[in-house]
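Good morning, everyone, and thank you for making the time.

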Amino acid sequence: MKKLSLTTQIGIALLLAVVTGILLSGHADFVNSYIKPFGIIFLNLLKFIVVPLVLFSIMAGILSMNDIKKVGHLGLRALAYFMVTTLFAVTLGLVIPSLLKGFLPLIQINPEATTEIVKLPNMSVMDQLVGMFPDNVITPISSMAMMQVIVIALLFGIAMVHIGDKGEMARKVTLSFNDVVSKILDYIMKLAPIGVFCMLTPVVVDNGPSVLGSYAALLILAYLCFAIHAGLVYSSAVGLLGKFSPLKFFKEMQPAMMFAFSSDSSVATLPYSMQCTEKMGVSKDVGRFVLSLGATINMDGVAIYLGVASVFMATCCGIDLTLSQYMAIAFASTIASIGTPGIPGGSLALMAMVFASAGIPVECVAVAAGIDRIIDMGRTVMSVTGDASCAVVMQRLTSRKTTHKS
């Protein structure tokens with residue numbers, strides 16, 4: 001029998017998880033006690049390998065390029081791409097719900113449900129800048145502070161290139177560890193279908209039809225914006241700038257998108273994104289560098305949802321947002337999306353910051369948290385897809401520049 005592809009295996013796991021979740025809807029304790037732990041084990045394995053993956057992938061990518069100017073150009077171009085798509089995402093997240101708020105039913109917020117106290121993070125621009133640079137090597141690695149891990153990888157990689165032959169031993173060790181990490185990834189990825197099933201089944205059990213029904217309007221708005229952004233922005237970027245068929249792009253990205261949807265973690269999806277982009281012709285050097293960078297700073301899905309949730313919750317509270325409030329939401333959402341951890345539930349605290357910036361009751365975060373896990377699946381898919389679209393575009397620009405030089 002022909003071996004099933006990874007896409008098919010994950011698809012079957014998703015369907016089985018939905019069916020199993022419905023059948024065991026009255027046995028949440030059993031599911032959370034005996035099925036969910038295996039999903040947590042799988043996600044822990046992915047989290048365990050993510051830091052070494054990013055660390056050694058970026059260093060290996062820099063060493064393979066062997067050109068500091070090339071690394072700088074690629075990083076700046078990728079950053080510009082991420083910022084532009086994020087601005088589109090925030091704008092879309094504000095415009096669509098504003099146009100449709102009179103046609104969709106609103107969530108009836110129970111005052112007693114808005115008593116949860118949410119700690120507001122200090123997310124100023126300067127704090128973001130300072131937070132990028134580590135004060136030691138161990139803490140960023142142990143705490144999965146991915147932006148700081150990227151800075152560490154960049155510094156070590158650039159230094160190894162600069163010192164030339166003196167860094168040959170470090171170069172060999174780095175490339176060797178990169179190969180070891182890749183092999184460990186192969187082991188972990190073989191467990192993907194089982195991990196997906198065990199992670200998604202408890203979600204279906206805990207968030208049944210009754211919960212989905214009560215939050216239908218917010219779900220529709222969020223996923224509508226996700227679809228529009230992917231269909232317009234990513235398709236246009238891949239087709240016009242990357243010279244790659246948008247239909248083929250989304251087809252090749254299916255394994256990564258499906259895993260992102262089930263795992264709810266853009267960081268954990270990195271191995272799958274790398275495999276998918278390589279099949280589309282993106283070199284390992286470009287793909288691993290751009291995708292590792294994007295998993296940390298590119299969160300289009302978060303930017304969209306922060307805009308959607310802000311307008312939706314403001315409407316539920318009877319608040320008519322002014323132009324200055326819209327601008328405050330747009331700015332805060334852009335900054336917050338850059339600082340969102342690429343792990344499940346990483347955006348709730350930042351949602352409080354965005355709400356506070358626009359004068360929306362922060363207590364509404366507790367209401368939105370009811371379906372955050374479900375919407376987080378969709379916004380994780382958006383972020384992962386955006387990273388991959390950037391990799392395709394950067395590969396095209398890099399190849400074109402090389403051709404012009406030759």
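I will begin with the protein as a whole and then turn to a few places inside it and on its surface.

Please keep in mind from the start that this is a predicted model. If we take the contacts with a separation of 6 or more, 84% of them are between residues 24 or more positions apart.

Let me move to the interior. In soluble globular proteins, nonpolar side chains tend to be buried together. Here the largest nonpolar core holds 115 residues, and the members that touch the most others are Met253, Phe259, Val290, Tyr305 and Met394. Helix α3, which covers residues 36-65, gives this core its largest share, with 14 residues. Looking at methionine 253 in particular, and setting aside its neighbours within four places in sequence, we find that it is in contact with Cys276, Met280, Val384, Thr385 and Ala388.

The buried ones are Leu270, Pro271, Tyr272, Ser273, Met274, Cys276 and Thr277. Just after α14 comes glycine 281, which takes a positive phi of about 95°.

Now, is serine 292 buried or exposed? Serine 292, which is found in helix α15, residues 284-297, has a relative accessible area of 1%, and because the cut-off for buried is under 20%, it counts as buried. A polar atom of its side chain lies 2.7 Å from the backbone oxygen of arginine 288. Not counting residues up to four places away in sequence, serine 292 touches Val54, Ser57, Ile58, Ile150, Leu270 and Met274, and of these, Leu270 and Met274 are among the buried residues of α14.

Finally, let us look at the outside, where Leu4, Ile12 and Leu16 form a nonpolar patch on the surface, with about 260 Å² of accessible area together. Isoleucine 12 is found in helix α1, residues 6-23, and it counts as partly exposed because its relative accessibility is 38%, which falls between the 20% and 50% limits.

Conventions. Residues numbered from 1 in each chain as written. Predicted model: local features only at pLDDT ≥ 70, side-chain atom pairs only at ≥ 80, totals over all residues. Heavy atoms only, no water. Helix = DSSP H or I, 4+ residues; strand = E, 2+ residues; numbered from the N terminus. Buried < 20%, exposed > 50% of the residue type's maximum accessible area, 1.4 Å probe, protein only. Polar contact = N/O pair within 3.5 Å; in protein donor to acceptor, adjacent residues only side chain to side chain. Contact = heavy atoms within 4.5 Å. Core = buried A, V, L, I, M, F, W, Y, C linked by side-chain atoms within 4.5 Å. Patch = residues over 30% accessible without salt bridge, like charges linked within 9 Å, V, L, I, M, F, W, Y side chains within 5 Å. Areas by Shrake-Rupley, 256 points an atom, 1.4 Å probe, with all protein chains shown as cover. Salt bridge = Lys/Arg side-chain N within 4 Å of Asp/Glu carboxyl O.
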